[in-house]
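The points are grouped by topic.

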Amino acid sequence: MTSPTIHQCPINQGSIHQRSVKYGSIDRVVAVTTIAAALSILSACTTLPTAIKPHNASSMANNPLTAAMPIIDRQGRIAYVEEQGAGSAKISTLYSIRPDGSERQLIEQLKGYIYAPAWSTNGQLLAYSKQVPRQSPKIYIYDRNSNAYNLVVNVNGSNLSASFSPDGQKLLYSSTAGGNADIYEMLLSTGATTQLTTLPSTEVQPSYAADGQSFVYTSDKVRAGRPRIYRYNFATGNATQISTSSYAASPQLSLDGTRMGYLNGRQAAVMTLTTGQVVTLAETGLDEPARLSPSGGYAVYPTKNVQGSAQNGGSLVIQSLSGGTSYTISSKAGGVVRSPVWGR
């Protein structure tokens, strides 16, 4: 088995000039056009090969890149999508991997698209959307214990951005089943669904708060094409806007509720909610958000690797939010990396 390659880099190496983007596509809420400049995040990195070994806490603690992580982070798994090809030739592969780059496991591969994986709180279930040619996206749940795949949302329309409730009994997701992109909640035991938003605007990308009393989501209800982030309160049925910059999407709350990973303009970023302080991590070249580790002390996001003028696959970037260095984990087969999410 080929050993993974981990690249250790200073924070915020490389940059990308701004590109034109459009909000509102339900298949990818932020649609990206061509890259105007090269990201060279690996150009000054040291390559550290690490052998794949059976997982245990001791071997991970001895890895200098993960030794400082809390156990809840370094024993977790990161799910992500790797894409190759384009259009009708698109091949998407869903993997999970340890944050030290070991134990990469293939979950599913298909001709088409895989979107937005999301872990259950206990890290046993993984929800994601997949779209095969000539069909709309449907939501599946993969069970790590039984290695089973279950189709859970199969209504007409685009069904995306699943999020497990903290107790694992419900699922939030966005769907165009009613003709407009709205947010629904499903009771997994029965399949019963409740439509939570009914506005004529686009409401997508829901993500539960850890206490289960609210969720955050993206909406362009104030101005079409200018998304903002809102928090919906289950008790009142009302939503309030979270103060962000002029373009914000793809929110995810930390387990302690103090931080939010999101897409800030074209940058992966993390906000401390009590102060409004924003830590900008990078312009990824993919308009992808930051996703937080279980402890909330680290973030993961994808980048495109570019050498000279040629695209050369993608990487996962793992970065400390306390001022440490970041490092990257290369893609498995040289494809474009998307939608990483860090579970227990």
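**Strand pairing, burial and cores**

In the hairpin formed by strand 16 and strand 17, five residues lie between the strands, and Gly212 adopts a positive phi near 75°. The model is predicted.

- Strand 16 and strand 17 run antiparallel and are joined by four bridges.
- Val204 has Thr218 as its bridge partner in strand 17.
- Six bridges connect strand 17 (residues 214-219) with strand 18 (residues 228-233), and these two strands also run antiparallel.
- Phe215 has Tyr232 as its bridge partner in strand 18.

- Strand 16 is largely enclosed by the rest of the structure, because six of its six residues are buried.
- Ser201 is located in the loop between strand 15 (193-195) and strand 16.
- Ser201 has a relative accessibility of 12%, and the cut-off for a buried residue is under 20%; Ser201 therefore counts as buried.
- Leaving aside residues up to four places away in sequence, the contacts of Ser201 are Asn180, Ala181, Ser219, Asp220 and Lys221.

**The sheet 7-6-5-28**

- Another open sheet consists of four strands in the order 7-6-5-28, with antiparallel pairing.
- Its edge strands are strand 7 (105-111) and strand 28, each of which pairs on one side only.
- The twist in this sheet averages 15° from one strand to the next.
- Strand 5 and strand 6 run antiparallel, with seven bridges between them.
- Glu82 has Thr93 as its bridge partner in strand 6.

**Nonpolar cores**

- The largest nonpolar core has 14 residues, of which Ile78, Leu316, Ile318 and Trp342 touch the most other members.
- At least two residues of this core come from each of strand 5 (77-84), strand 6 (91-97), strand 25 (298-307), strand 26 (310-320), strand 27 (326-330) and strand 28 (336-343).
- A second, separate core comprises 12 residues, among them Ala79, Ile114, Trp119 and Leu126.
- In a regular strand, side chains alternate between the two faces of the sheet.

Conventions. Residues numbered from 1 in each chain as written. Predicted model: local features only at pLDDT ≥ 70, side-chain atom pairs only at ≥ 80, totals over all residues. Heavy atoms only, no water. Pairing = 2+ DSSP bridges. Buried < 20%, exposed > 50% of the residue type's maximum accessible area, 1.4 Å probe, protein only. Contact = heavy atoms within 4.5 Å. Core = buried A, V, L, I, M, F, W, Y, C linked by side-chain atoms within 4.5 Å. Axes fitted to C-alpha atoms, helices over the stretch in contact; angles between N-to-C directions.
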